[in-house]
Each structure stands twice: as structure tokens, then as C-alpha cells.
Amino acid sequence: MASNKNLLILPGDGIGPEVMREVRRVVDWMDKRRAVTFDIDEDLVGGSAIDKHGVPLADETMDKAMEADAVLLGAVGGPQWDNLDFSIKPERGLLRLRKEMELFANLRPALCFDALVQASSLKPELVSGLDIMIVRELTGGVYFGEPRGIEDLGNGERRGINTQVYTTSEIRRVAEVAFDLARKRDSRVCSVEKANVMESGLLWREEVTKLHGEGFDDVELSHMYADNCSMQLVRTPKQFDVILTDNLFGDMLSDTAAMLTGSLGMLPSASLGATDETGRRKAMYEPVHGSAPDIAGENKANPLATILSFAMNLRYSFDMGDEADLIENGVNKVLASGKRTGDIMAAGCDIVSTEGMGDALLRALDEQAA
Ligand code: NAD
């Protein structure tokens with residue numbers, strides 16, 4: 001299979017460059033063994049961009065991101081940039097990418113690898129085989145709604161205001177992503193809101209239901225209140241396939257679901273934008289974890305979250321599901337063989353470095369390809 005997909009890699013700060021080095025080895029493997037070639041460009045984001053350009057994301061890098069078929073990001077931030085003005089902090093680079101690429105759908109899988117079942121805080125039988133996808137609306141809702149602020153009421157009291165607001169089109173476009181995704185999985189979407197107490201939640205439910213009837217009725221749709229969903233996630237998480245929800249509830253539910261699976265070092269994510277007239281969807285893939293300054297430069301970081309983010313990139317932006325399967329199966333094999341970085345270490349397993357985990361994964365890929 002030949003391909004010349006254009007991929008922009010932004011390793012970022014802290015452990016970002018270390019974990020991204022292991023992704024580059026997987027990319028090289030694909031190149032050699034699968035005859036899949038990518039046009040890769042690499043650039044700076046976050047603190048490393050501040051050090052070079054004085055800003056966390058140079059305009060030129062932003063332009064490249066807009067042109068790329070996908071962006072793969074490591075992590076940003078670190079103590080050396082903590083005291084900078086809020087407007088040029090490393091995280092602003094990330095926010096600019098999300099905003100200008102209009103990445104409105106955040107995909108957070110919660111997948112429990114068999115070998116890590118014991119790392120979950122839940123009983124093994126509850127999480128064994130767990131495979132949930134949370135689709136969170138990312139650019140609307142209460143985090144962005146106006147009016148917002150803190151006002152002085154002049155009587156010794158102050159009032160904090162945030163506004164939960166959603167429009168029809170904001171709901172429909174993210175719901176469409178969830179239905180599309182469900183079709184590639186178990187064909188079930190559970191839409192989550194608080195329609196019982198919030199008008200925005202009621203609109204959410206009505207619009208999702210309407211869209212479902214306009215061409216997605218092959219997908220099973222159910223609705224659930226957000227508070228119940230949080231309970232169900234820790235009670236019987238395997239009942240879910242795709243969970244569709246807004247920005248605020250998604251923020252919390254995705255973290256809860258993530259922790260069912262064990263470690264931060266294992267969690268990938270994707271953020272998707274609208275499809276343009278050529279059928280191309282803007283997309284950015286990144287691990288959920290941060291730059292882990294406490295272990296940066298020590299060859300200790302777990303590269304699997306970033307490698308699994310690349311697998312999502314292959315599946316959702318490049319339509320290379322077979323290659324994504326290869327990587328995910330490879331990760332399963334490596335974990336089953338007892339190889340662990342420090343963050344997921346367990347009794348009786350072998351501790352490996354960041355590079356050692358990369359070596360083990362390449363061996364597992366070789367074995368599958370043999
Ligand atoms: P963090 O995710 O960087 O680290 C939390 C803990 O988990 C640390 O003990 C760390 O060593 C460990 N950890 C994280 N990823 C790991 C990995 N791949 N392998 C092994 N261990 C791992 O969160 P934090 O400490 O709150 O933040 C550190 C910096 O990262 C801050 O500057 C923060 O702003 C930034 N941050 C960036 C992002 C991002 O780029 N998307 C996300 C969160 C935090």
C-alpha cells in the first residue's frame with residue numbers, strides 16, 4: 001500500500017521528544033515493512049518554541065498545522081516556563097492549535113489491555129476487555145459561553161458567572177462524529193447530558209435524537225443523565241460503546257473512564273475538526289499525559305500513549321485500520337510479555353526504558369509481520 005500523507009510532528013517539551021523518538025521508529029518500521037510512506041515535518045511547540053521564537057507557537061508552525069493531514073503532538077510545559085505571562089505560556093500553543101484548527105470533537109478511548117487489568121482500581125472482571133470511546137464536545141459549552149466573569153455586587157458580595165450554551169450546529173457536528181465512529185465499532189451511542197435540569201441539555205437530547213433519525217438509525221442510540229453516567233462508569237463500564245457528551249461533562253467522564261484502565265502513560269487521544277470540501281478532516285493526536293518534568297531526559301517515560309495516539313491517527317485520519325491494529329496488537333503482546341516502564345511496573349514484570357519499550361514493540365511488530 002502506498003501513501004504520502006502529510007504529518008506534522010510537534011514533540012514539545014519534557015518527555016515529549018523522548019516518547020516521540022519511539023513513534024518515529026514505528027513510522028520508519030511502517031516505511032520499511034508496510035511500504036507506507038509519510039511526508040513528515042517536525043517543528044516546535046510550547047516551551048521549546050518560546051525559547052526559540054518568544055511565542056509558544058510560531059505563525060509558520062500554525063500554517064503548517066493547517067496544511068497537514070494530521071498533527072501529532074507530544075506534550076508541552078515545564079517549571080522553567082511557569083512564571084511567564086499567561087498569554088505566552090507553553091499551553092497557549094496547544095490552545096491556539098485547537099482553536100484555529102477548530103477541533104470540536106475530542107476522542108478519548110478507555111481501553112483496558114489484558115495485561116494491565118490488575119492496574120485498574122476496579123475488579124478485574126469489570127474492566128477486562130473494556131473498550132469505550134468518549135466523544136467530548138471541545139470548543140463550546142460552559143468553558144467558552146458568554147457572559148462570564150466575576151463581578152462585584154457592591155454589597156460586600158461577588159458573583160462568579162459562566163454560561164452553558166450550545167447551538168444546534170455545535171451539537172449536530174459532534175453527534176455526527178460519534179455516530180460515524182460507532183459504525184466502526186459496536187454501533188452504539190449513549191448521549192449524555194442533564195436534560196432534566198438544563199435547557200442546553202434538553203436541546204442536546206432533541207438535536208441528537210433528530211440527527212439520529214436523519215440517516216443514523218442503524219446505530220443504536222440511548223440517552224443518560226450525566227450523574228447516572230458517572231455512576232454507571234464505575235459500576236458496569238462495559239455496558240458502553242461510544243459515549244457522546246458536552247465539554248464540561250466530557251472533561252470529567254473521560255478522566256473517570258481513563259482511570260478504569262490504569263495509567264496515564266497508556267492513554268491516547270484525538271481531536272477532530274470539520275471535514276472540508278475535499279473530504280479532509282483537520283485532526284490532532286496527542287497523549288493525555290503532560291510533559292512529566294520529574295522524569296524528563298531520563299529515558300524512563302512510557303512511550304505507549306503517544307504510539308497509541310499515532311495508531312489513532314492512522315485509523316481516523318489516514319484510513320489505515322490494519323496498520324493501527326498492528327500497533328495495538330503489538331502493544332498487547334509487549335505488555336503480555338511482561339515488559340513495563342516504571343509507571344505501569346508490577347510484581348514479576350521486567351522494567352524497561354523508553355527506548356527498551358520501543359525495541360520491544362518493534363520486535364512485536366516484526367513477529368506479526370513475519
Ligand atoms: P504529567 O502528566 O506531566 O505528569 C503527572 C505524573 O505522571 C508525573 O509523575 C509523571 O512522571 C507521570 N507521567 C506522565 N506521563 C508519563 C509517561 N508517559 N510515562 C511515565 N510517567 C508519566 O502532569 P503534571 O505533572 O501535572 O504536569 C507537568 C507539566 O505538563 C506541566 O507543565 C503541565 O502544564 C503540563 N501538561 C501538559 C499537557 C499537554 O501537553 N497536553 C497535559 C497536562 C499537563
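**Ligand first.** I started at the ligand and found one of its nitrogen atoms 2.8 Å from a polar backbone atom of N302. The model I am looking at is a predicted one, and I kept that in mind for the rest of these notes.

Next I looked for what the backbone does elsewhere around the ligand. An oxygen atom of the ligand sits 2.7 Å from a backbone N or O atom of G290. For S291, I noted a polar backbone atom 3.1 Å from an oxygen atom of the ligand. How much of the ligand's accessible area does the protein cover? I got 67% of the 800 Å² that the ligand has on its own.

Then I listed the shell. It holds 20 residues, and the closest are E91, G290, A292, D294 and N302. Sorted by type, the shell gives me nine nonpolar residues, seven polar ones and four charged ones.

**A292, again.** I jotted down a reminder here: most residues other than glycine have a negative phi, and most peptide bonds are trans. A292 is found in the loop between β12 (281-287) and α10 (304-316). Buried or partly exposed? A292 has 21% relative accessibility, so I put it down as partly exposed, given that buried means under 20%.

I located S187 in the loop between α6 and β8 (188-193). With a relative accessible area of 22%, S187 is partly exposed.

Which residues does a cis peptide bond join? I found E146 and P147, with omega at about 0 degrees. P147 belongs to the loop between β5 (131-137) and β6 (149-152).

**Aromatic rings.** I searched the whole structure and came away with four aromatic pairs. I took Y166 and W204 to look at in detail: their ring centres are 5.3 Å apart and their planes stand at 75 degrees, so I logged the pair as edge-to-face. The cut-off for that label is an angle over 60 degrees.

Where do the two partners sit? Y166 is in the loop between β7 (158-161) and α6 (168-183), while W204 is in helix α7 (residues 199-213). The pair therefore ties together parts that are 38 residues apart in sequence. I checked accessibility for both partners. Y166 has 7% relative accessibility and counts as buried, and W204, at 1%, is buried too.

I also came across a cluster: ring pairs link F38, F310 and F318.

**The whole chain.** Last, I stepped back to the overall fold. How many helices and strands does the chain have? I count twelve helices and 14 strands. The C-alpha trace spans about 65 × 50 × 45 Å along its principal axes.

I wanted to know what a compact globule of 370 residues would give, and the answer is a radius of gyration near 21 Å. The chain has 21 Å, so the two agree. As for burial, 51% of the 370 residues in the chain are buried.

Note on methods
Residues are numbered from 1 along each chain as its sequence is written. This is a predicted model: local features need pLDDT of at least 70, side-chain atom pairs count only at pLDDT 80 or more; totals for chains, interfaces and linings use all residues. Side-chain values use heavy atoms; hydrogens and water are left out. Rings of Phe, Tyr and Trp (its six-membered ring) pair if their centres lie within 6.5 Å; planes under 30 degrees apart count as stacked, over 60 as edge-to-face and the rest as tilted. Helices (H or I, at least four residues) and strands (E, at least two) are DSSP runs, numbered from the N terminus. Buried means under 20% relative accessible area, exposed over 50%, partly exposed in between (1.4 Å probe, protein chains only). A residue is near a molecule or strand if one of its heavy atoms lies within 4 Å of it. A polar contact is a pair of N or O atoms within 3.5 Å; within protein, one must be able to donate a hydrogen and the other to accept it, and residues adjacent in sequence count only if both atoms are side-chain atoms. Accessible areas come from the Shrake-Rupley method with a 1.4 Å probe; for residues, only the protein chains shown count as cover. Ala, Val, Leu, Ile, Met, Phe, Trp, Tyr, Cys and Pro count as nonpolar, Asp, Glu, Lys and Arg as charged, and the others, Gly among them, as polar. The radius of gyration is taken over C-alpha atoms; the globule rule is 2.2 Å times the number of residues to the power 0.38.
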